[in-house]
Amino acid sequence: MATQNSHRYCVIMCGGVGSRFWPYSRENCPKQFIDFLGTGRSLLQMSYDRILPIVPKENILVVTNEKYAPLIREQLPDLLPENILLEPARRNTAPCIAWAAFHIAAIDPAASMIVTPSDHLITRENIFEDCVRRGFEFVEKNDALLTLGITPIRPETGYGYIQVGQEAEPGILKVKTFTEKPNLELAKVFLETGEFFWNSGIFLWRASTIIDALRKHDSDLTVRFDRGASDFGTPREEAFIRENFASFPANSIDYAVMEKADNVYVECVNFGWNDLGTWSALHDNSPKNEQNNVAQNCKVLAYDSTGNIFAVRDSEKLVVAHGLKDYIVADAGDVLLICPKSEEQRIKQMVNDVKIAYLDKYL
């Protein structure tokens, strides 16, 4: 194992609800806490495992909603209790990252950090380690905000795109533009030009660099954090966050900083990445039988049925299907979802309708 740098930190963002994976992903146990791939490890645990060779265990932090504290402690028992940062409200990624950066900078002014979501799939972990180490080396010697850009393999409309410019060093280029989820025609153009990469949502920077960028581009947020500057890294930090965090403006780090700053770079990588944001993505990344069907934690007898994903919480339940093509069949015990994969973008609306009809009973 390579020698670890004690000034390197990892922040795992773990506060999402994962509503596109309803009814499996629920308010009380979102998708990052679920073993979707049958490996015996949840997506969160896999995220933790893959960073361990790179960052000292005591430098790994998880930022999550306070209601998920018991799940974090259960799934990551080796995580230091003081490294679980509990948000009293959901305020998107800019306040989440700002808090983590202020916290880390107070502990270690020389810190550099990687920020990663808790619910992504990465299959080539050795390549991931090499890319992250190279990214750390780049941001530690440059005043740079670095994002990892994934080499696109299809005209995907569900991801953001990064257009690259001049090369700063081999594999790392200046960012020209960010584009949020384009339509299919534009995504095809992006793919053809070879200038665009998928935005992975994985970032590296020095803690001081991202704080400076937030102060410059999102002062409405940082002026609030600066009021508690003397509290960070002390026992008073928790009280400051509890009293103030819910009033912080909600914003994503992309809108707050990355699309505005002029010191943004992208490291172009290819380590088998998928954000596992949809049932179709899970189907694509799961073992399939000869009919291209996926059975998650269940027994299935499928006749004249192809391209489906069957997911059942009760492993003893038998699913018998006939004549289904490209469907999602997800049974969470109290909710059964049957939906064409081509219509899965409507699941979020279904969740809203369920809330209207039944309040929080099935959420």
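Which residues of the largest nonpolar core touch the most other members? They are Met-113, Leu-145, Trp-205, Ile-210, Phe-225, Ile-253 and Val-257, out of 47 residues in that core. A nonpolar core is a set of buried Ala, Val, Leu, Ile, Met, Phe, Trp, Tyr and Cys residues joined through side-chain atoms within 4.5 Å. Buried means under 20% relative accessible area, exposed over 50%, and partly exposed in between (1.4 Å probe, protein chains only).

This is a predicted model: local features need pLDDT of at least 70, side-chain atom pairs count only at pLDDT 80 or more, and totals for chains, interfaces and linings use all residues. Residues are numbered from 1 along each chain as its sequence is written, and side-chain values use heavy atoms, with hydrogens and water left out.

Helices (H or I, at least four residues) and strands (E, at least two) are DSSP runs, numbered from the N terminus. A second, separate core has 42 residues, including Leu-44, Leu-71, Ile-172 and Phe-196.

Now turn to helix H11, residues 347–358. The expected span of a helix is 1.5 Å times one less than its number of residues. With 12 residues, H11 should span 16 Å, and its end C-alpha atoms are 16 Å apart, which agrees.

The buried residues of H11 are Ile-347, Val-351 and Val-354. They cover an arc of only 60° around the axis, so they sit on the same side of H11. That arc is taken from the directions from the helix axis to the C-beta atoms. On the other side of H11, Ile-356 and Ala-357 are exposed. After H11 comes Leu-359, with a positive phi near 60°.
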